[in-house]
Structures are given as C-alpha cells and as structure tokens.
Amino acid sequence: MTGEHSPYRLAEELEHTLGDPADARTPFSYAVCLDLDAREEFPAGICRLLDDWGLPDYYVPVRHGGRLRDYEHALHLVRTVARRDLTVAVAHGKTYLGGVCVWVAGGEEQAARLGSDIRAGVPVSLALTERAHGSDLLAGEVEAVADGEGFVLRGEKWLINNATRGSVLCVLARTADEGGPRGFSVLLVDKRTLTPGSWRPLPKVPTHGIRGADISGIVLDGAYVDREALIGPEGGGIETVLKSLQLTRTMCASLSLGAADHGLRLALDFAHERRLYRRQLAELPQARALLAGAVADVLAHEALALVASRMVHTTTGELSVVAAVTKYLLPTGTEDVLTALGELLGARAFLVSGPGTGPYGMFQKVERDHRIVGLFDGNTLVNLNSLILQFRSLVRHWRRRTPPADGVRTACDLAAPLPDFDPAELRLAARRGAAPLAALPAWTAALRERAAEEPALKDAADLAEHLLAVTDRVHEEMAAYADVVTEVPEDAFAVARRYCLCFAGAACLGLWVESGSGVPGGEGVWRDALWLRASLERLLARLGEQSSSEVQEELLEEAFTLHGHGRLVSLLRLQLRREAA
Ligand SMILES: Cc1cc2nc3c(=O)[nH]c(=O)nc-3n(C[C@H](O)[C@H](O)[C@H](O)COP(=O)(O)OP(=O)(O)OC[C@H]3O[C@@H](n4cnc5c(N)ncnc54)[C@H](O)[C@@H]3O)c2cc1C
C-alpha cells in the first residue's frame with residue numbers, strides 16, 4: 001500500500017514530466033521562477049505547460065467532463081506544483097477556486113459548459129472580496145439588479161486573483177436590497193460576452209509574495225448577464241459560497257504542503273553541505289533538533305491533509321469542521337516550520353540571488369509566497385471563528401459519545417476506495433460532531449491492544465492516551481464558549497486552536513491505525529509507528545504538554561535517508577528524481 005498509493009504515483013508522473021527544477025534550462029525551474037518573481041511577471045509559459053499536461057482536467061469533476069474524481073489526487077497534483085513554485089500554483093490552481101461554486105450549486109448544462117472552458121485552458125476567478133469589506137461578505141455592495149430576462153451588475157471586486165487575465169468570474173452580488181443571508185447570489189460572468197464599456201479591469205496590485213500573480217480587480221458598470229448566469233437559486237449565494245469554501249479551504253493544504261516540502265529540501269541540503277567548527281551542520285544538536293521538529297510537523301500536516309481530502313468524500317457533512325481545522329493548521333503550522341528552517345539557513349534565508357547564494361535564493365521566495373495562504377480564502381481568524389460557532393454541537397456530541405460517522409475509517413484507510421463526492425451532502429454546520437475525534441477512544445484502544453503484542457508500540461499507545469485525555473479537557477474548555485454567537489472573546493480563539501491540534505492528532509492516529517497495520521512489518525517512517533510517535537509528541541508539545549526529542553532524532557535519520565535517495569520526505573513513497581528510481 002505505502003509503495004503504490006495512486007495519488008502519489010500521479011503526482012510523481014507530473015513531477016517527472018516537469019523535469020529537473022534545479023536545472024536552469026528546465027522551463028519550470030527554480031531559476032526561471034526567481035527571475036519571473038524579480039520582474040513581477042506572470043508565469044504564463046509555465047501555466048501553458050501545465051495546461052498541456054492536462055492539469056485543468058483535474059479541476060473539473062468527472063460528471064462535468066473532467067478528471068476530478070477524488071480530492072486526494074487533486075491535493076497531490078497541486079502540492080507538486082506548489083513544491084516548485086507557489087506563485088504558479090496560486091496562479092493556475094485559482095481556476096479550481098473559480099469553478100467550485102458551479103460544481104457545488106450550478107446546473108448540469110452550466111457545469112458542462114464551464115468544464116469545457118476550463119479544460120481548454122480558460123482561467124476562471126472567484127470574485128468575493130470588496131475593498132471596503134474584506135471577510136465581511138454580508139456587507140458586499142456589488143449588486144445584481146433583475147432586468148428583463150437577466151441581471152445588471154454594478155460595483156467593484158478588488159484583490160481578485162486572475163481578475164484581469166481570466167475570462168470568466170464567479171461573482172458574489174447582492175440581489176436583494178436588504179441583503180442578509182438570503183440576499184446574495186452567485187453569478188457566472190463571462191467577460192467575453194459582456195457589452196464593451198460595461199466593465200473594466202483594475203490595475204495589478206504589487207504584492208509582497210506571489211509577485212508575478214495577477215492580483216487585480218474588476219469594475220462592473222452596468223454589465224448585463226442572462227438569468228442563466230445564476231449559479232444555484234437566486235438568494236442562495238452566501239450558502240453556495242460557504243459550502244464551496246469548505247472544499248477550497250481543505251485544498252489549500254496542498255499549497256502549504258508544497259511550501260513546506262520546498263523549505264525542508266533546502267534545509268536538509270544546507271544541513272549536509274554546511275561545515276562549521278570542522279563538523280557538518282547536520283551534526284550539531286541544536287540544528288538536528290530544529291530539523292527533526294520540522295520533519296515531524298510536516299508529516300503531521302501531511303497526515304491531516306490526507307485524511308481531510310478523503311473526508312471530502314466519506315464524511316462530507318462534517319466538512320465545515322474539517323475545512324476550518326485544515327485551513328487554520330496547515331498555513332499557520334507551515335509558517336512556523338518555515339520560520340524555524342529560516343533560522344537554520346541563517347543568512348542564506350535572506351539572500352535572493354547572485355554569487356555565493358548557491359541554490360538557497362528560493363527560500364525567501366517560498367516564505368514570502370506562503371504568507372498569502374493564511375490570508376486568502378478565509379483567513380486564520382475567520383476559520384477559527386467558524387469553529388467557535390460550532391462549539392455547542394461539537395461539545396454535545398463529544399459528551400454524548402456520539403459514534404463516529406461510518407466514513408471516517410474509509411477516510412483513514414488509504415487502501416480503501418473512496419466513494420464519489422456528492423455536493424448535495426455539504427452542510428453549513430456539522431450535525432453529529434467530528435468523526436476523527438469521535439473515533440479517538442476506539443483508535444486509542446486498538447493501538448493499546450496492538451502494543452500488548454508489539455512492545456515497540458507502547459510509547460505510541462501512551463501518547464494516544466495522553467492525547468485522548470487532553471482532548472477531553474479541551475472539550476470542557478470549549479463548553480465555556482458554547483453560547484457565543486457574536487462578540488467572540490479572545491480566549492475562545494485560543495481554545496479553537498487547541499481543538500485543531502487535537503483534531504490533527506486524531507487524524508494522525510486514525511491514519512496509522514487504519515492504514516499502518518496494512519504495512520507488513522512496517523517500513524521506513526511507519527516502522528514501530530515512528531512518524532505517529534513524532535507527530536503526536538509535537539502536537540502535544542504545541543498543546544503545552546511535555547515532550548521528549550528522542551523519537552524525533554530517529555525520524556530525522558529516516559528523513560535524511562529519504563532525501564539522500566531523491567525521495568520526498570513524506571509518509572508515502574514519492575520519487576523526485578527519475579534516475580534514482
Ligand atoms: C494576494 C491576494 C489574493 C486574493 N485573491 C482573492 C480572490 O481571488 N478572490 C477574492 O474574493 N478575494 C481574494 N483576496 C482577498 C482575501 O480573500 C481577503 O483579503 C481576505 O478575505 C481578508 O480580507 P482583508 O484582508 O481585507 O481583511 P479583513 O477581513 O478586513 O480583516 C481585518 C482584520 O480583522 C480580522 N478578522 C476578520 N474577520 C474576523 C472574525 N470573524 N473574527 C476575528 N477577527 C476577524 C482579520 O484577521 C484581520 O486581522 C485576495 C487577497 C490577496 C492579498
């Protein structure tokens with residue numbers, strides 16, 4: 001199973017097709033990306049390469065003519081692109097974000113038309129944000145006024161990815177004067193069919209990271225669209241957007257994982273190459289501890305992302321929780337990882353290019369580019385806030401010991417085929433708690449039972465029990481905020497952060513229990529639950545509990561071995577360099 005997991009094989013195929021990124025002659029190389037960044041130039045040629053490979057097919061569900069059958073495959077494809085360059089991943093992957101409202105709420109014909117556009121390489125944008133209102137979607141002023149057989153749109157959407165280069169936009173607009181949750185609709189606006197003069201693009205905004213991306217906006221000034229442009233029912237826009245964001249927020253994990261892969265690769269190289277005090281940097285205890293912690297964090301993030309992307313299919317009704325946890329933990333956790341790795345790289349993390357920089361000039365770009373992941377598509381606090389609003393129900397189901405939804409075992413068993421994703425199953429709030437946490441007691445017991453036979457698993461079982469006890473406490477802390485609706489107190493955000501760490505720990509444990517037992521004798525990072533022990537220790541440490549660094553040392557050795565063989569530091573095998581296969 002660990003050798004032949006198909007999403008990793010597909011990602012490997014894309015990786016190999018794109019060629020060696022360290023070779024400046026490769027079209028999608030680090031050198032080309034640094035150069036484009038310095039010139040703030042859109043990576044148009046690289047996006048065409050990805051189109052030629054067929055990446056847009058994976059943004060379109062199979063039922064609408066594409067090849068998106070499961071979100072785990074999409075996660076690893078976008079991660080592969082993000083590992084080379086986040087600007088490209090954001091610029092290209094944006095089209096999935098643009099189309100998602102149609103996949104969730106659009107009609108069959110509308111979806112088929114959009115699917116065929118996307119597969120032909122037409123970029124699509126999602127236009128939610130307005131200059132004056134940021135995250136406050138209900139304050140949006142862009143209006144769509146009914147007029148004969150259609151709508152007339154007026155207003156400005158600003159800070160929109162691909163607003164200028166894209167041909168089609170999904171626009172959230174006010175369709176009832178009074179606004180409110182049923183006062184907005186999403187419309188598919190095709191710039192190619194608008195009357196000239198009824199819209200204009202806004203200039204590209206220079207940005208700190210993803211400098212080459214087309215971050216701009218659009219002014220709609222009497223733009224007429226047919227009623228067919230409506231995505232879902234009139235007045236259903238906020239619901240459609242909130243459900244669609246559950247998918248995109250889950251998939252943002254791919255951007256953070258790609259950034260972490262890149263940072264880790266540079267740091268592992270540096271730790272080997274750099275010699276200080278007549279020793280390799282990799283031999284200094286402080287450097288080792290830092291690297292080991294980063295490896296453990298990245299594997300924990302990967303485990304959460306794997307389970308989350310599979311829960312899209314198996315436990316769709318809980319995605320309001322899964323997406324918020326993932327969109328909080330992956331970007332913030334990866335920022336911490338990059339900060340730590342930046343410390344290790346020292347001055348090299350600060351240099352851009354030129355003599356003496358070596359291959360490390362990309363690090364500052366990765367760090368800058370990745371900052372956007374925690375900002376867009378619902379920022380960190382917005383995601384934590386959405387969890388806090390579900391505390392009441394989450395606590396109730398935890399206390400009642402509501403059994404986990406059936407699908408959680410399938411989500412954690414990588415060998416199990418995934419059911420088709422049904423957007424009709426999406427819910428604005430989870431109705432029966434969070435399945436990975438509901439399954440935590442059973443998974444803990446299963447591991448304890450196995451540890452009775454295999455003493456090497458004893459530490460992992462102890463850690464799982466520790467996590468279970470902390471999770472219980474965290475739910476009691478959450479109970480204090482069960483009635484919060486508005487005026488969310490600051491402390492509630494701290495509790496929500498702790499909840500996310502418990503959720504991630506449960507996902508790690510579930511993945512190991514449901515998938516790991518299928519690995520005969522265990523191998524690599526799966527041996528004796530190595531990655532699980534390291535991940536749980538780190539998560540518990542982030543929860544303020546005591547941790548030891550011994551297991552992380554072992555994990556670091558595995559990471560060096562993987563890296564040395566040209567493999568991704570990852571839970572499952574992914575060969576980065578074809579020749580070493
Ligand atoms: C590079 C880039 C690309 C983008 N691409 C797109 C795009 O393609 N489409 C699109 O529609 N938008 C896009 N955006 C806009 C982006 O989604 C918004 O910037 C984001 O939603 C937050 O808005 P804001 O930054 O204006 O902050 P605001 O929402 O104004 O927030 C200000 C502060 O209030 C805090 N805050 C907000 N809500 C809460 C809450 N509920 N509880 C507690 N604190 C809160 C925030 O954390 C922040 O500290 C993009 C932005 C950037 C920078």
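## A buried pair of rings

Let's start inside the protein: Tyr499 and Phe503 are both buried, where buried means under 20% relative accessible area, exposed means over 50% and partly exposed lies in between, with a 1.4 Å probe and protein chains only as cover. The two residues sit four apart in helix H18 (residues 490-516), so about one helical turn separates them. Helices here are DSSP runs of H or I with at least four residues, strands are runs of E with at least two, and both are numbered from the N terminus.

A word on the source: this is a predicted model, in which local features need pLDDT of at least 70 and side-chain atom pairs count only at pLDDT 80 or more, while totals for chains, interfaces and linings use all residues. Residues are numbered from 1 along each chain as its sequence is written, and side-chain values use heavy atoms, with hydrogens and water left out.

## Aromatic pairs

The structure holds six aromatic pairs. Rings of Phe, Tyr and Trp (its six-membered ring) pair if their centres lie within 6.5 Å; planes under 30 degrees apart count as stacked, over 60 as edge-to-face and the rest as tilted. The Tyr499 and Phe503 rings have centres 6.4 Å apart and planes at 55°, so this pair is tilted.

Trp526 and Trp531 are each buried. Elsewhere, Tyr71, Tyr96 and Phe421 are joined by ring pairs into a cluster.

## Around the ligand

The ligand is surrounded by 21 residues, and the closest are Lys94, Leu126, Thr129, Ser135 and Leu159; a residue is near a molecule if one of its heavy atoms lies within 4 Å of it. This shell divides into 13 nonpolar, six polar and two charged residues. In that count, Ala, Val, Leu, Ile, Met, Phe, Trp, Tyr, Cys and Pro are nonpolar, Asp, Glu, Lys and Arg are charged, and the others, Gly among them, are polar. Strand E1 (124-127), strand E3 (150-161) and helix H12 (380-388) each supply at least two residues of the shell. Domain 2 (125-235) and domain 3 (252-570) each give at least three, with bounds from an automatic or database domain assignment.

If you zoom in on the ligand's oxygen atoms, one is 2.7 Å from a side-chain N or O atom of Lys94, and a backbone N or O atom of Leu128 lies 2.8 Å from an oxygen atom of the ligand. A ligand nitrogen atom is 2.6 Å from an N or O atom in the side chain of Thr129. Taken alone, the ligand exposes 980 Å², and the protein buries 66% of that, with areas from the Shrake-Rupley method and a 1.4 Å probe.

## Loops worth a look

Most residues other than glycine have a negative phi. Arg278, which is not a glycine, has a positive phi of about 60°. Arg278 lies in the loop between strand E9 (275-276) and strand E10 (279-280), and is exposed at 78% relative accessible area. Asp377 also has a positive phi, near 60°, in the loop between helix H11 (361-370) and H12. Asp377, however, is buried, with a relative accessible area of 13%.

Finally, Pro206 is in the loop between strand E6 (199-202) and strand E7 (215-226). With 62% relative accessibility, Pro206 counts as exposed. Its C-alpha atom is 9.0 Å from that of Ser216, ten residues away along the chain.

Definitions and conventions:
Polar contact = N/O pair within 3.5 Å; in protein donor to acceptor, adjacent residues only side chain to side chain.
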